[in-house]
Every structure is written in C-alpha cells, then in structure tokens.
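Thanks for asking me to look this over with you. Please keep the viewer open as you read, and find each residue as it comes up.

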Amino acid sequence: MSSSNRLMVPEARYAIDQMKFEIAQELGIMLPQDGYYGNMSTRDMGSIGGYITKRLVALGQQQQSKHF
C-alpha cells in the first residue's frame, strides 16, 4: 500500500516545513517545539494547510505564466 501524501520531490520537505512555520506565525498559531501535532486543533491545522495550498497554487500559477 502506498501513501498518497508522499512528496514528489523529497527535497521539498524543508521548504514546505518553512512555509508551514511562516504561515502559522502569520496566523498567530503556536506550533509545538517537539514536532508533535496531536494536541493541535483541527481548525488550526486546517487553516495552515489551506494557506499552504493557496501559496503553492499561486506559485505554480506564477511559474506557469512565466513560460507563456
């Protein structure tokens, strides 16, 4: 069984993590220092994930517009 959540470019993990911390800070959400997110609210994690998605889509659109 393969996971559908695996990164296509493993080297991108650091960039995604950095984006997660930036967005959490912008939203005023404190991320746990130990990296365990089990005590985080679903709403907070969903907000962070939603903003990550928005940024990635915007970055993709910018890249695409440069090629045309």
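This is a predicted model: local features need pLDDT of at least 70, side-chain atom pairs count only at pLDDT 80 or more; totals for chains, interfaces and linings use all residues.

1. Residues are numbered from 1 along each chain as its sequence is written, and side-chain values use heavy atoms, with hydrogens and water left out.

2. Let us begin with two helices. Helices here are DSSP runs of H or I with at least four residues, numbered from the N terminus. Helix 1 covers residues 13–27 and helix 2 covers residues 42–66; their axes come within 9 Å and cross at roughly 120°. The axes are lines fitted to C-alpha atoms over the stretch in contact, and the angles run from 0 to 180 degrees between N-to-C directions. This makes helix 1 oblique to helix 2. Oblique is the word for what remains once angles under 35 degrees (roughly parallel), over 145 (roughly antiparallel) and 65 to 115 (roughly perpendicular) are set aside.

3. Which residues of the two helices make the contact? On the helix 1 side they are Ile 16, Met 19, Lys 20, Glu 22, Ile 23, Ala 24, Glu 26 and Leu 27. Helix 2 brings Ser 47, Ile 48, Tyr 51, Ile 52, Arg 55, Leu 56 and Leu 59. Contact means heavy atoms within 4.5 Å. By type, the residues of this contact are 10 nonpolar, 1 polar and 4 charged. In this scheme Ala, Val, Leu, Ile, Met, Phe, Trp, Tyr, Cys and Pro are nonpolar, Asp, Glu, Lys and Arg are charged, and the others, Gly among them, are polar.

4. Now for the charges. Side chains of opposite charge can pair when their charged atoms come close. How many salt bridges does a search of the whole structure find? There are 3, where a salt bridge is a side-chain nitrogen of Lys or Arg within 4 Å of a carboxyl oxygen of Asp or Glu.

5. One of them joins the side chains of Lys 20 and Asp 17, at 3.4 Å from N to O. Is Lys 20 buried or exposed? Lys 20 is buried, at 16% relative accessible area, while Asp 17 is partly exposed at 28%. Buried means under 20%, exposed over 50%, and partly exposed in between, using a 1.4 Å probe and protein chains only.

6. Arg 55 deserves a close look. Its side chain meets that of Glu 22 in a salt bridge of 3.4 Å, N to O. That pair links distant parts of the chain, with Glu 22 in helix 1 and Arg 55 in helix 2, 33 residues apart. Arg 55 also forms a salt bridge with Glu 26, where the closest N and O atoms are 2.5 Å apart. Because Glu 26 lies in helix 1 and Arg 55 in helix 2, this pair ties together parts that are 29 residues apart in sequence.

7. Finally, return to Lys 20. Leaving aside neighbours within four places in sequence, Lys 20 is in contact with Leu 31, Tyr 37, Ile 48 and Ile 52.
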